[in-house]
Amino acid sequence: MGFLGKLGSVLFFLGICVSAAGLAYGASFFGSSYVQLKVMETSSKTSLSLQFHTSKSSGLLFLAAGEDDYWLVELQSGRVQVKLELGSGEKILRSERGVKLNDLALHTLDLYHEGDEVTLTVDKHFRTTVRMPGPLHELDVQHGIFVGGTGLFDKPYMEGAASNFRGCIDEVVFNQHDILSSLRTYSGFKNVHEVSAGCSDEFFAEDGEPISLFSSKSYLEFASWKAEEEAVLECTVRTTQPLGLLLYNAGRQGDFVAMEIAEGLIRVVIGKSGKKTHLSSLSNVNDNNWHDIKLRFTPKHLHLAVDEETVKVTLSSRSKNIKLRGPLFLGGIDDSTRVEVLKIGLLSLAGRKARGGSFRGCLKDVKANSQKKSLKNALVTKDISAGCAAVNKSSTTVKTTTDQMLVVPTIFTPQVTAKPTAKAQSTKFLALSNLVVAENGQTTLESKHLKLNLDFKKLGVRQSQIIFKVTKQPSHGHLKFNTGPESEENSFTTLDLWYGRVLYVHDGSEYSHDQFSFSVFTSSKKVVPDYLKGDKQYLFNITVTPTNDAPELLLPDGNLFTLLENSKKCLTSKVVKAIDIDTNSTWLQFSILGNLNADAGFLENAMNPGMTITTFSNTDLEEGNVYYVHQGVRTSRMVLRVSDGDKVSNTVVLRIMAVPVDYKVINNTGLVVGQSDAALITSYNLSVETNAINQEVEIRYHIAKTPMYGEIQRLHSSTGWKKITSFSQRSVERGRIRYFGTFHELQ
């Protein structure tokens, strides 16, 4: 299968589109980014031209991946390193010793291979050459081309390779084809992951520059936070948002440290030796002002300081301090970490926030154990920018036309072992405490949720005479009143709260928050204060704790999967489809129950062909990477189930049937060619139809008897037209097969 036909025509067309759209020059790679081209190519003459700038000393720049052959171009310790294998032994080329290329300046590298000689040129002046050993000097690319990273692709020769590149790549030209001319994904051919056009300002940010996080999936990833006898993290935040994840770092044996903004307060959750400890600040931070935060924990205590206010709580004294492992996440988490974090029960990731939940606002002056954490030492970033744009004040969470609507703050009482330096505020008349209800559940509204600070004796009224009138019902559930027939509609008294006569019933939706509005008045005829006359409206907040629904597994096209004997066929979402209303589809994981009949076939991932797999992700399924490979018995079955990391789906059985290949020649017109002339053989001249259903089949023609006055040739990307003894239908369709007349005398 040739590289020129598919890549040349597609990229030429895309290059026109990109030029017309006026995209910025180059592309930004953020530490998890990569571009993958699913192409195949064999050549003895190959060229690569690449331009980049970065502050990172290591990072993968380019990979041409074969089964055994490869070109691996990377930064290692600030130098360009090229590993080459053409089938007869690996050779390594490196740029000039002592010259660091991670200085954010623009650097160029050119790699040229012809025959057994490979030359590396860096910045147009440094040149080094190596001769490849043995008789094999062709680069055989079977698994595609990668720029900036390799995703899930893995081969033994990738051991010790640099991690994903972080910085700007201005140009990648492989065999005269501009790989970055388009940054659009094309199913089955090109995969562009987390790459953006142009060179981002974040790579040039200074150490002290604030950082803006602007989406629900924003985050920064750093090397692990070292926590020995004492761990301290400091930062300054500015936001208007009441919810958002600020920090997460996993520890060994299920330990963790997490910090979030919840209901406008800073909330810390620490998991240690199987126990969770919570601690919240006493004042809100979502007021669009800068707030200093300092989190400190030792084996015995957890301290949280917000500006001048400090609270602390005692931890288990039986064990040592938390042993943190893995990366430190600030402002959010990546999707691969999300499943483990959801199990903690953070409010910022509850309900519909589970798919995002990132902090949205500005961060600055971040230090972990006195070590600065800035964009310069970030490993991965997503949806962030350098600097802090002005933040608009957020509006009230519920829009209303009533001018007198009053939002009463919820009272939070953290469990502290030292007296706080600031006190929580409350109103003189009414204190509200959030009602917490499970998704699709119900719970009683009690007097502790609507607490009246009244001197009933002094006012001369009874508790049964204080009436709460619901003026707007909840949006995601309803209030159920078990009051007497004499009670006014949609109303209840303080006495009803005491006796548990008012219930909130959730409707089972995925919303994590609900509320209703009400007024308060008295039925007493005596003179009462204005706040008991029902003139003001209040909001009561309800927090819904999500329950994880199990995913559902379907067979959209029925339970029969057919393919040709001794072939492989892609499993798609039309064959098996997973549905989960409250889980990101990228977290779903398929499993095969029992053992597949090894005499019939096996499943493989296109990233590692030939290796049997028993599990695969929904992402692999949707990207067309999962194949069933038939190799024997015609009939078998596959039992499948899918999990979201917590709950598992129903089980489905997919019957597999391999059928013998059947084909017929539908076009065989022959060619009329002048003597010594050449003519393309097209699919109108020669083509075959098979009984394959939704399956790509490689049709090959073997020349049993060669032409008398000419030869059949194939166009190679590097060596031009060459005589062949066999060819594929795909090469015919791409216009790469021709008849060439070689007889020049009279016939």
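I take buried as under 20% relative accessible area, exposed as over 50% and partly exposed as in between, with a 1.4 Å probe and protein chains only. Helices (H or I, at least four residues) and strands (E, at least two) are DSSP runs, numbered from the N terminus.

The model is predicted, so I note that local features need pLDDT of at least 70, that side-chain atom pairs count only at pLDDT 80 or more, and that totals for chains, interfaces and linings use all residues. Residues are numbered from 1 along each chain as its sequence is written, and side-chain values use heavy atoms, with hydrogens and water left out.

**Helix H2**

I looked up which residues of H2 (residues 335–342) are buried, and found Thr-337, Arg-338 and Val-341. They sit on the same side of H2, because they cover an arc of only 120° around the axis, taken from the directions from the helix axis to the C-beta atoms. Strand S19 (244–251) and strand S26 (324–330) are among what covers them.

**Cores**

For a nonpolar core I count buried Ala, Val, Leu, Ile, Met, Phe, Trp, Tyr and Cys residues joined through side-chain atoms within 4.5 Å. The largest has 42 residues, and Trp-225 and Met-259 touch the most other members. Strand S18 (residues 231–238) gives the most to this core, four residues. A second, separate core has 41 residues, including Leu-37 and Phe-62.

I then listed contacts (heavy atoms within 4.5 Å). Leaving aside neighbours within four places in sequence, those of Met-259 include Leu-233, Leu-245, Arg-267 and Leu-304.

**Ser-95**

I found Ser-95 in the loop between strand S7 (90–94) and strand S8 (107–114). Ser-95 is buried, at a relative accessible area of 3%. Beyond four places in sequence, the contacts of Ser-95 are Arg-79, Val-80, Leu-101, Leu-120, Val-122 and Phe-126.

**Second largest pocket**

A pocket here is an open set of points on a 1 Å grid over the protein atoms alone, where a 1.4 Å probe fits, with protein on both sides within 12 Å along at least five of seven lines; lining residues have an atom within 4 Å of a point. Of the 46 residues lining the second largest pocket, Lys-568, Cys-570, Gly-624, Tyr-627 and Glu-696 lie nearest its centre. Strand S43 gives the most to this lining, with four residues.

I also checked Thr-562, which is in S43. Thr-562 is partly exposed, with a relative accessible area of 22%.
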